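Here is a structure for a first reading, with questions about the terms used to describe it. Each answer sets a value beside its definition.

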Amino acid sequence: MIAIRKDQTSNIPAIAPGSLLGIEHMAAAEIMSLLKAAARMNPRRSRPPLRGKRVLLLFYEPSTRTRSSFEIAAKSLGAITTLVQSSGSSIEKGESLLDTVYTLRAVGADILVIRHPNAGAPLLAARHLDIPVINAGDGMHEHPSQALLDAYTILRHKKTLNGLHITIVGDIYHSRVARSAIHLFSKFGAKITLCGPADFLPELAASLAPGLHLSRTVEDAVRGADAVMVLRVQKERLAGKKISLQEYILKYQVTAERLKLAKKDALLMHPGPIVRGLELTSEVADCAQSVIVEEVQNGVPVRMAILARALGKGKDGR
């Protein structure tokens, strides 16, 4: 029988310690602790703190970077990994999320990493399991490990996150990456500028965090920025919108000329997958300021730190 932890003061099931469901409710000190732990992780050096532990990767959505880096991170810590996808599993037969996670716990999962198209799915799983649950992206809600690896990447080039000017350009409305980034950087007093057309950046976006700035022009948004984060734009989401694909490219594509308006040492970032020729040019994607590939590399030590923290294995994974 699976033990469901209960909060001592309510009937709401408690969340297992070590779970990572979002950035919004994390303290800045907790975030920095994770980032410092990530800096001590070495994926190429054998570390056995999770030896014999089972990390279940439950992915209802396609993924390359997040899935592979979580798997490599787990194996680098000595864990056994199993991937469960919606295709080829009982999910295709109509099995509910809760019945699926109960099954995975019953077969021996020690940590559940879940990616789901519906916001709140990891929280639902966490409230019904007695093991840590890691959110690998849920609908339009959050993608906490991406925000952490982005912060980690910036700190590899900048002395501090405090007071930086971070610009995010693209489809912010649909982006869980943007939401987690906004929550994280705002905790360190960063100036955050959001840029995009009205369909992708409604005025209410300014209420996500204090001190957000909205801009409708890339030129104004990137001017003086320390880091420019470009978001993927899905062509199908432009269908029926006020702005056409060509108009989006003309007004919002990040080009080399526009990037020059940022600080000389500004970082060019993208969570991937990138669509060259749409949200940014190939020249920008491959420029000296681009840290897109570095972001992917940094995903492994950051997710090692997340998994080590999940089972209370200390700040350096031991």
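Q: What makes α1 roughly perpendicular to α5?
A: The axes of helix α1 (residues 28–39) and α5 come within 10 Å and cross at roughly 65°, where axes are lines fitted to C-alpha atoms, for helices over the stretch in contact, and angles run from 0 to 180 degrees between N-to-C directions. Angles under 35 degrees count as roughly parallel, over 145 as roughly antiparallel, 65 to 115 as roughly perpendicular and the rest as oblique, and α1 is therefore roughly perpendicular to α5. This is a predicted model, in which local features need pLDDT of at least 70 and side-chain atom pairs count only at pLDDT 80 or more, while totals for chains, interfaces and linings use all residues. Residues are numbered from 1 along each chain as its sequence is written, and side-chain values use heavy atoms, with hydrogens and water left out.

Q: Which residues of α1 and α5 meet, and how do they divide by class?
A: With contact meaning heavy atoms within 4.5 Å, I31, M32, L34, L35, A38 and A39 in α1 meet L148, A151, Y152 and L155 in α5. By class, the contact of α1 with α5 has 10 nonpolar, no polar and no charged residues; Ala, Val, Leu, Ile, Met, Phe, Trp, Tyr, Cys and Pro count as nonpolar, Asp, Glu, Lys and Arg as charged, and the others, Gly among them, as polar.

Q: Why are α5 and α6 called oblique to each other?
A: The axes of α5 and helix α6 (residues 176–186) come within 8 Å and cross at roughly 55°, and α5 and α6 are therefore oblique to each other. The contact is made by P144, Q146, A147, L148, A151 and I154 of α5 together with V177, S180, A181, L184 and F185 of α6, and these divide into 9 nonpolar, 2 polar and no charged residues.

Q: How many cavities of 30 Å³ or more are there, and what lines the largest cavity?
A: The count comes to 1 cavity of 30 Å³ or more, a cavity being a set of points on a 1 Å grid over the protein atoms alone where a 1.4 Å probe fits but cannot get out, with lining residues having an atom within 4 Å of a point. The largest cavity has a volume of about 60 Å³, and R65, T66, Q146, L149, H270, P271, I292, E295, V296 and R303 line this cavity. The largest share of this lining, 4 residues, comes from α11.

Methods
1 Å grid on protein atoms, 1.4 Å probe; cavity = no way out; pocket = protein on both sides within 12 Å on 5 of 7 lines; lining within 4 Å. Points joined across faces, edges and corners; volume = space filled by probe spheres on them. Helix = DSSP H or I, 4+ residues; strand = E, 2+ residues; numbered from the N terminus.
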